[in-house]
There are 2 protein chains.
Amino acid sequence: MTIQRKTIVLEKVLEILQHTQNAISVSQLMDKLETIGIRPNKTTLYRLLEKLVSTTDALSITLKNGISYYELRQKRPHHHHFYCTKCDTVFCLGSCHVHTQKIDLTQLLPSPKFTVEAHDFNLYGVCESCR
Amino acid sequence: MTIQRKTIVLEKVLEILQHTQNAISVSQLMDKLETIGIRPNKTTLYRLLEKLVSTTDALSITLKNGISYYELRQKRPHHHHFYCTKCDTVFCLGSCHVHTQKIDLTQLLPSPKFTVEAHDFNLYGVCESCR
DNA sequence: GTGCAAATGCAAATGAGTTGCAATTAAAAT
DNA sequence: ATTTTAATTGCAACTCATTTGCATTTGCAC
């Protein structure tokens, strides 16, 4: 295993992810890269993001439109997202209420013998600037 | 507008939906139909389900695998789902905690000016029989 | 410089879901 | 009973996000 090679694309992707409050999709990312004159191959971009996720530097969420959105893990606590149906922006929400309010998910299960490994919670609606 | 025509496929689909506790996908539905000797065209099936949803007889949820699952609305209150990652079954959960525990989602939003129109909440894990 | 693993690019494939259009069917009107 | 009309169906082709195979390039290590 050698040191991971640095690439312009990787650097720029990290830069974009660092400078947005939102989770962004591959196509949104490609658009942003295009505005700074970079047109990476989409396969490359998918692989780069996959790597960031596998190294836990980033995480991805997939909304009910079937599209995955990425964000840097950074120092943010576990949280969920708001998808604006007008502008397709994925806003990060405050700390997950399931954790902060210690909600017992077991009660909701068909049987206490089910093992919950993950949960997702997405809000859908219209953001402030789209109203 | 004439009376809606009855078809074997519609009847069998309703029958299957009525006799399962779970939400099922189009491919799961096609498999079940196949076991009783019915091989409907997938377009037909999609359109039939779309109609059931539009008439509020059924509802659909879409999980992070990008697949939609359908269930009859019937008398069930608003609830969410548990997806078993081993057997691909989508179990219905108890009444939505956001409603029963009157959780205020506004607090989680970036701004109170955001309008929440819908939310989804899915659990992922392993079901009782797959453990 | 040579070798080797990582990174890249392209084209093609995947898979859920959709669309256009022609063909069929059943209900309504005659 | 026959015609008219609208709903239903089936097929092929398409969309779109994502993935895969494979050949090529690149850059670190020796």
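Author: Helices here are DSSP runs of H or I with at least four residues, strands are runs of E with at least two, and both are numbered from the N terminus. This is a predicted model, in which local features need pLDDT of at least 70, side-chain atom pairs count only at pLDDT 80 or more, and totals for chains, interfaces and linings use all residues. Residues are numbered from 1 along each chain as its sequence is written, while chains are lettered from A and ligands numbered from 1 in the order in which they are written.

Reader: Which residues of α3(B) are buried?

Author: They are Leu48(B), Leu49(B) and Leu52(B), where buried means that 20 or more other C-beta atoms, placed from the backbone, lie within 10 Å of the residue's own, exposed means 12 or fewer, and partly exposed is in between. Seen down the axis of α3(B), these residues fall within an arc of 95 degrees, so they line one face of the helix; the arc is taken over the directions from the helix axis to the C-beta atoms.

Reader: And which exposed residues sit on the face turned away from that buried side of α3(B)?

Author: That face carries Thr43(B), Arg47(B) and Ser54(B).

Reader: What do the buried residues of α3(B) pack against?

Author: They pack against α1 (8–18), α2 (26–35), β2 (58–62) and β3 (68–72) of chain B, with contact meaning that C-beta atoms, placed from the backbone, lie within 7 Å.

Reader: Switching topic, how many residues does each chain give to the contact?

Author: Chain A gives 32 residues and chain B gives 32 residues. On the side of chain A that touches chain B, β5 (90–95) and β6 (115–126) are the elements that give two or more residues, and the largest share, 12 residues, comes from β6(A).

Reader: In which sense do β6(A) and β6 of chain B pair?

Author: β6(A) and β6(B), residues 115–126 of chain B, pair in the antiparallel sense over 11 bridges, pairing being counted when DSSP finds at least two bridges between two strands. Within that pairing, Val126(A) has Thr115(B) as its bridge partner.

Reader: What about the hairpin in chain B, then?

Author: β4(B) and β5(B) form a hairpin with five residues between them, and Asp88(B) in the turn has a positive phi of about 60 degrees. Four bridges join these antiparallel strands, and His81(B) has Cys92(B) as its bridge partner in β5(B).

How values were computed: Contact = placed C-beta atoms within 7 Å.
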